[in-house]
Amino acid sequence: MPATSTGTTDDLPQMPTPQVREFPAHNIGGGLALLLGLVGLALGVVLIVAGSALAATGAKVALILAGIVIAIAAFVAMCGLNTVAPGEARVVQLFGRYRGTIRTDGLRWVNPLTSRSKISTRVRNHETAVLKVNDAYGNPIELAAVVVWKVEDTAQAMFEVDDFLEFVSTQTEAAVRHIAIEYPYDAHDEEGLSLRGNAEEITEKLAVELHARVEAAGVHIIESRFTHLAYAPEIASAMLQRQQAGAVVAARRQIVDGAVGMVEAALVRIQEQDIVELDAERKAAMVSNLMVVLCGDRAAQPVLNTGTLYQ
């Protein structure tokens, strides 16, 4: 995912440019190499046995030495065999120098003088512990995230960082903390982003920042999500009351808006159908009574008027 896919990139960390990139190592099929190695070992054994049966000392020593050399050479050559499973790779080094990566699964053969380090290219999950940080408003909150990732460049993962597993873990925690302090848990204004109200946008920004942080290690971020998001226990009850108050205010605002519309419709209908003619004072009393009935928390208990309309 490119870092320019969302928002600005001014506050993204600047990681050093990688000094090494992955490329395929020179290797051949291991079946042929195994066959040649076994033939070499058998030939060496045959020469040693044949030399031991000779009476002439010179020929005997020559055959035995040749057999030993061929057997040792075949054994050393067979040390270059590697079994590569699906979802794995072998990083090849020759005297400390990177010589490529084997990604083809099966039995493969490379220079037996090289060292081969196994590295997994499977998809992995990393879930952070529950972190306690302060949001943009300074309120203590708790949050945790899960990151789905895999090694994309084995050379960078092996040589650019000391331990790519620990690197991903540390950078994930740093990115989650940075996102948490950049945005509030709940936005006071409707236009601002918040951790609770804009989960999709925030997780996208988290993915962008994670990509920028771990790209130098050859790691590809597949997905990142918040798994836990809540106020810290010491302020949870107070914030719950605030949320409840906001919900009550919003509900009351909607009730009042609906009641005003209903009263307006009632007055217009009475006037259009000429049901009764109301002066300004009686119209105000009617509006007041309707608003009390429509906006009240409890059922209205009207007082029946058994006289005229104006008594």
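**View 1. Helix α4 passes helix α5 in a right-handed crossing, that is, with the near helix turned clockwise from the far one by less than a right angle.** In this predicted model, local features need pLDDT of at least 70 and side-chain atom pairs count only at pLDDT 80 or more, while totals for chains, interfaces and linings use all residues. Residues are numbered from 1 along each chain as its sequence is written, and side-chain values use heavy atoms, with hydrogens and water left out. The axes of α4 (residues 164-182) and α5 (residues 199-214) come within 9 Å and cross at roughly 140 degrees, where axes are lines fitted to C-alpha atoms, for helices over the stretch in contact, and angles run from 0 to 180 degrees between N-to-C directions. That makes α4 oblique to α5, a class left over once angles under 35 degrees (roughly parallel), over 145 (roughly antiparallel) and 65 to 115 (roughly perpendicular) are set aside.

**View 2. Residues of α4 and α5 meet in a contact, defined by heavy atoms within 4.5 Å.** Among them are Phe167, Gln171 and His178 of α4, together with Lys205, Leu206 and Arg213 of α5. The residues of this contact divide into 10 nonpolar, 3 polar and 3 charged.

**View 3. Three strands form an open antiparallel sheet in the order β4-β3-β6.** Helices (H or I, at least four residues) and strands (E, at least two) are DSSP runs, and two strands pair if DSSP finds at least two bridges between them. The edge strands, β4 (97-102) and β6 (115-120), each pair on one side only.

**View 4. Strand β3 (residues 88-94) pairs with β4 in the antiparallel sense over 5 bridges.** Here, Val91 has Thr101 of β4 as its bridge partner.

Conventions. Ala, Val, Leu, Ile, Met, Phe, Trp, Tyr, Cys and Pro count as nonpolar, Asp, Glu, Lys and Arg as charged, and the others, Gly among them, as polar.
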